[in-house]
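Student: Could we go through this model together, starting with the terms we will need?

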Amino acid sequence: MDQAEGLRNIIKKKDTQRTRQPVSQDARVITVTSGKGGVGKSSISVNLAIALSQRGRRVVVLDADFGLANVEIMLGIHPSYNLADLMFHGKSIKDIITYGPENVGFISGGSGIEEMSNLTREQVFMLVHKLGELDRLADVVIVDTGAGIGSSVLEFVAASSEVLLVTTPEPTSITDAYALLKTLNHCSSFDPRRTVVKMIANQVREYGDASELFKKIGVVVNKFLDVKIQYLGGVPYDSNMSRAVIRQKPIILAAPRSVTARSLNQIADKLENKGQRPGQKSGIMQLFSSVMQTKFNR
């Protein structure tokens, strides 16, 4: 039995156990991505995590932007362990979670995902079971991917049922956002029936620019791609954001009355009110199983 088949059996076993035992809610997984860097993706991830935590959710951010440390810098925390320690050094999920402001948990990806292709069958089974614990520790897991259309980014996006696409009004950002969706549309592991992309227009200058930006992208996407895309909201350009980043304090805490903080709270309210649809696949265990199946089936 190969690794991909083994992963499928794990999921089947988990589903069977659910039918025999009281149903426990898996974590809601929200994957945040962008077509290019510099559009504020990680800042959106961190601030939404804090906003959801303030609404009583247990939130964990997984930094899947490997080789960089944007999320931990923005949170002002220094994790002792990362995902590789879970995989290779005997650490548990609880060991590798570092808690920051508003009790938001954080997991550093390190180079862990890139090393998954080299795991033995036994390591795969162990990792999937360890990750399953995160579904009990968190209500929401926000996966902050890298920017662009690299394979590691697309694997996460294709495996996710709920994706937040961050873009700005800059022509290059719009072009790159469409390029990401176009590439995703051609991924063999992507199923448009189970993945919804929700767009956030960041750093908009004028009222109405955010919805206009969505119209520009949405018209082309609906015409040429088999991708479901929705408008989630806009976040205006605000000099308070730069000051908050320098202070290593998320703007939703550093300047809670700012126009940007208010906009982010409105987006968090929409996420709360329009949660996962019944029947959507959920849980961090499900996400990682799908990601690894894609790697092993190449």
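Tutor: A charge sits over a ring if NZ of Lys or CZ of Arg is within 6 Å of the ring centre and within 35 degrees of the ring normal. This is a predicted model, in which local features need pLDDT of at least 70 and side-chain atom pairs count only at pLDDT 80 or more, while totals for chains, interfaces and linings use all residues. Residues are numbered from 1 along each chain as its sequence is written, and side-chain values use heavy atoms, with hydrogens and water left out.

Student: OK, which ring does the charged end of arginine 205 sit over?

Tutor: That is the ring of tyrosine 237, with the charged end of arginine 205 lying 3.9 Å from the ring centre.

Student: And how many aromatic pairs does a search of the whole structure find?

Tutor: The search finds one aromatic pair, where rings of Phe, Tyr and Trp (its six-membered ring) pair if their centres lie within 6.5 Å, and planes under 30 degrees apart count as stacked, over 60 as edge-to-face and the rest as tilted. Phenylalanine 214 and tyrosine 231 form this tilted pair, at 5.6 Å centre to centre and 40° between the planes.

Student: Which parts does the pair tie together?

Tutor: Phenylalanine 214 lies in helix H10 (residues 209-224) and tyrosine 231 in strand S8 (residues 228-236), so the pair links parts 17 residues apart in sequence; helices (H or I, at least four residues) and strands (E, at least two) are DSSP runs, numbered from the N terminus.

Student: Is phenylalanine 214 buried or exposed?

Tutor: Phenylalanine 214 is buried, at 18% relative accessible area, whereas tyrosine 231 is partly exposed at 32%; buried means under 20%, exposed over 50% and partly exposed in between, using a 1.4 Å probe and protein chains only.
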